[in-house]
Amino acid sequence: MSKLNRSFTLAALLAGVAFAQTPAELMDRRDIRAAFAAVERNESKMVDLEARVCEIPAPPFHEEARGKEFERLFREAGLKDVRIDKAGNVIGVRPGKAAHPNLVLAAHLDTVFPEGTDVHVTRSGTVLKGPGIGDDCRGLAVIMGVIHALEEAHVQTLGTITFVADVGEEGLGDLRGMKQLFHETLKGQIDDFISVDGTGLGVTNAGVGSNRYKVTFKGPGGHSYGAFGMANPIQAMGRAIAKIDAFDVPSQPRTTFNVGRVGGGTSVNAIPFEAWMEVDMRSSAPAALKALDAKFHAAIQQAVDEENRRWNNRGAVSASADLVGVRPAGQTPADSPIVRTALAVSRAMGIPERLGEGSTDANVPMNLGIPAITISGGGAGAGAHSLNETFDTKDSAKGTERALLLAVSVVQ
């Protein structure tokens, strides 16, 4: 809960409203019991919806078709002020008795898979298989399940819940949906934030930051035989990759690096005039990420210098590192009200109380100091970000019930 949330609660108390209930107490409330029953009753429909929307392609930067479907679903479910912002985020509001506290409950529309990927979903018993079925079609199904259950049980909250199906969470999407939401669309209007991402029943309160680069190596190029002896951009890139591979990084705070894609060249018998690679570096600690970033830039320059010296600067190569993605690091402290509330919800529901770290939509509000966490959507998943991604629906309703109880606990 934000300061605004706490201030509003105090004002409500002064107005004669009862003290906020604990998650365990909320679970005994008649309307919340009815909402849980609605979740259980609707889960098979929500699983069907999960599979159906997952078959609507949503590759990076092209989430429009899936977004239009969620605009329709939000309207059909009774949300107010349904709209799509200029980044492509789909927004719908379930008003409370007051505009604040305003909780955003979000799940992301996009997948990591490029255009043309076969996104057909298959079923075998309780297991669904298809690209993106857990990450984040499950999250999208959960927020729809929460909306329907709240409506069917006529749950009235003191504060407002704003539902968002957002864009740009994956890959080079660079959290553009969240940046648009917090810096423009709903700037200054969000008190608390929860994203539903992936499977299982975890809680993420630490946002892993990342820097992503596209490094381009260039030279004049030439014939592999006739121009032999010229510096080679691909060989310079190879030197750089070897240096990156040798980096020594801390295990605490966990800090990582990866060369994820490479390309370049025109023919096996031509010295290339250009080569490129994409590099991802991550850490939950800004200082560790900054130190790794400096080592990365030094390695690029050393690789170029070595390649040019090797060939006596004949047809010298150069390199430029372009920053193509920045995910800000952040953390919501374990003793903050929203994290304590999430753990109390888990405790009330008999779910292990675990906190973790990750790179999710919650990074943006965490970095801004807005109370934010990410929760998983229940069930069990495997093979995330692969064509063999699966989601086991056994006991999956528990993920939706937890999201519902947590949302109500935050806005009461």
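Guide: Asparagine 312 is exposed, because its relative accessible area is 67% and the cut-off for that class is over 50%. The model is predicted. Asparagine 312 sits in the loop between helix H8 (286–310) and strand E14, and its phi is positive, about 55°, although the residue is not a glycine. Aspartate 174 also has a positive phi, near 60°, and is likewise a residue other than glycine. Its loop runs between strand E6 (160–166) and helix H6 (176–185). Aspartate 174 counts as buried, because its relative accessibility is 17% and the limit is under 20%.

Two further loops hold cis peptide bonds. One joins histidine 100 and proline 101, with omega about 0°; proline 101 belongs to the loop between strand E2 (90–94) and strand E3 (102–108). The other joins aspartate 135 and aspartate 136, with omega about 10°, and aspartate 136 is in the loop between strand E5 (127–129) and helix H5 (137–152).

The largest pocket holds about 910 Å³ of space. Its lining has 38 residues, and Val112, Glu170, Gly171, Arg282 and His385 are the closest to its centre. By class, the lining comprises eleven nonpolar, 16 polar and eleven charged residues. Several strands supply at least two lining residues each, among them E8 (203–207), E9 (209–218) and E14 (318–327). Strand E13 gives the most, with four residues.

Technical notes:
Residues numbered from 1 in each chain as written. Predicted model: local features only at pLDDT ≥ 70, side-chain atom pairs only at ≥ 80, totals over all residues. Heavy atoms only, no water. 1 Å grid on protein atoms, 1.4 Å probe; cavity = no way out; pocket = protein on both sides within 12 Å on 5 of 7 lines; lining within 4 Å. Points joined across faces, edges and corners; volume = space filled by probe spheres on them. Nonpolar A, V, L, I, M, F, W, Y, C, P; charged D, E, K, R; others polar. Buried < 20%, exposed > 50% of the residue type's maximum accessible area, 1.4 Å probe, protein only.
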